[in-house]
Amino acid sequence: MIELIKALPKAELHLHIEGSLEPELMLRLAKKNNVDIPYKDIEAIRDAYNFTNLQSFLDIYYAGAKVLVTKEDFYDLTWEYILKCVEDNVVHTEIFFDPQTHTQRGVPFEVVITGITQALSAAKARYGITSAVIVCFLRHLSEQEAFETLEQALKFKQHIIGVGLDSAELGNPPSKFKAVFKKAREEGFKLVAHAGEEADYSYIYEALDLLDIDRIDHGVQSINSDALMQRLKEEQMPLTVCPNSNIELKVFDSYEQHNIKQLLDFGLNVSVNSDDPAYFKGYINQNFINIYEHLTLSEADIVTLIKNSFRSAFIDNDLKQQYLRQVDQVLL
Ligand code: ADE
Ligand code: ZN
């Protein structure tokens, strides 16, 4: 089965590009850009990756992102992730980035988006990997600041498929961003939001009803409401689930306790994603392998999860069908 997991083409729909910053690149860029980081070597970095909840991770993740300064840094970051896609057979990826993490320290939006999109164009030319970019608003900041970020994103509309909502969930409900999501929708963006990762399922209702999102990122807390489960099933609302992340951030105590198999068995449109792979011990294949090994997933389960990733992607129907056929060809 592990060989099959590796062999199947996949789409990744929930990946923070800043979360793919490997310790080696962090050290190299810190030195090059003269940025102070509180680690003397790779081992010290890895030792610090010992999280108790989402906030304990975010503190370290935002500190790490400070080493990213030039367009070339964002290019190298994205290119390293693309090489992991090649390794893991990810043929389509939809990448989040957090502009405010960079603009707040004086790195222009343009520098970030240009570095990322140039690497994505090279990925298409070199490996045929297709991609899209989603701009995330940091929910611990104000809606006004999200509006300012949206304004900047509009200047690069041709490179951006949608907007999302991430960062500290507890105390920052979707309702806080209702107006800016409405504006983003009017501008033609796809809409996604992290909801029901750490906070309860009321945040998922808000994301659906107040933000009118197209996909839910995480959404694992939906299990606590029968009515919500039923609705998500009827609407076939995509849930981009990130197993390693949920374990590393203590959303579940162990892989055995993870509810992805229950969500899948209930008929929800669930996919598997790596979230912040450099921080959470592995890229997409490792996420599949971990749930396969601990939750007795069948081959049919794995195939459904992978097909769901293509079904839920922001791509046109022809490309979707082409990728779904590629999955079937491996299964022949
Ligand atoms: N930013 C990066 N990873 C995140 C996660 N898992 N939840 C919320 N914000 C994030
Ligand atoms: Zn995430």
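Glu-186 is found in helix α9. In this predicted model, Glu-186 is exposed, with a relative accessible area of 55%; the cut-off for this class is over 50%. Between the C-alpha atoms of Glu-186 and Asp-36 there is a separation of 41 Å, and the two residues lie 150 places apart along the chain.

Two packed helices are described by the angle between their axes and the distance between the axes. Helix α9, which covers residues 178-186, packs with helix α8, residues 143-154, at an angle of about 15°, and their axes are 9 Å apart. Because angles under 35 degrees count as roughly parallel, α8 and α9 are roughly parallel to each other. Their crossing is right-handed. On the α8 side, the contact is made by Glu-143, Ala-146, Phe-147, Leu-150, Glu-151 and Leu-154, which meet Lys-178, Ala-179, Val-180, Lys-183 and Ala-184 of α9. Sorted by class, this contact of α8 with α9 holds seven nonpolar residues, four charged residues and no polar ones.

Helix α10 (residues 202-209) and helix α11 (residues 226-235) pack with their axes 11 Å apart, at an angle of about 35°. The crossing of α10 and α11 is left-handed. Here Ile-204, Tyr-205, Leu-208 and Asp-209 of α10 meet Ala-227, Leu-228, Arg-231 and Leu-232 of α11. By class, the contact of α10 with α11 is made of six nonpolar and two charged residues, with no polar residue.

One residue of this contact may be followed in detail. Arg-231 belongs to helix α11. When residues up to four places away in sequence are left aside, Arg-231 touches Tyr-205, Leu-208 and Asp-209. Leu-268 is 37 residues from Arg-231 in sequence, and their C-alpha atoms are 9.5 Å apart in space.

The crossing of α14 and α15 is right-handed. Phe-288, Ile-291 and Tyr-292 in α14 are in contact with Ile-302, Leu-305 and Ile-306 in α15. The residues of this contact comprise six nonpolar, no polar and no charged.

The cysteines remain to be considered. How many disulfides does the count give? The count is zero. A disulfide requires a pair of cysteine sulfur atoms within 2.5 Å. For Cys-85, the closest cysteine sulfur is that of Cys-242, at 14 Å, which is too far for a bond. Cys-136 is likewise in no disulfide, and the nearest cysteine sulfur, again in Cys-242, is 12 Å away.

Are Cys-85 and Cys-136 buried or exposed? The buried class covers values under 20% relative accessible area. Cys-85 counts as buried because its relative accessibility is 1%. Cys-136 also counts as buried, with a relative accessibility of 0%.

How values were computed. Residues are numbered from 1 along each chain as its sequence is written. Chains are lettered from A and ligands numbered from 1 in the order in which they are written. This is a predicted model: local features need pLDDT of at least 70, side-chain atom pairs count only at pLDDT 80 or more; totals for chains, interfaces and linings use all residues. Side-chain values use heavy atoms; hydrogens and water are left out. Buried means under 20% relative accessible area, exposed over 50%, partly exposed in between (1.4 Å probe, protein chains only). Axes are lines fitted to C-alpha atoms, for helices over the stretch in contact, and angles run from 0 to 180 degrees between N-to-C directions. Helices (H or I, at least four residues) and strands (E, at least two) are DSSP runs, numbered from the N terminus. Angles under 35 degrees count as roughly parallel, over 145 as roughly antiparallel, 65 to 115 as roughly perpendicular and the rest as oblique. A crossing is left-handed if the near helix is turned anticlockwise from the far one by less than a right angle, and right-handed if clockwise. Contact means heavy atoms within 4.5 Å. Ala, Val, Leu, Ile, Met, Phe, Trp, Tyr, Cys and Pro count as nonpolar, Asp, Glu, Lys and Arg as charged, and the others, Gly among them, as polar.
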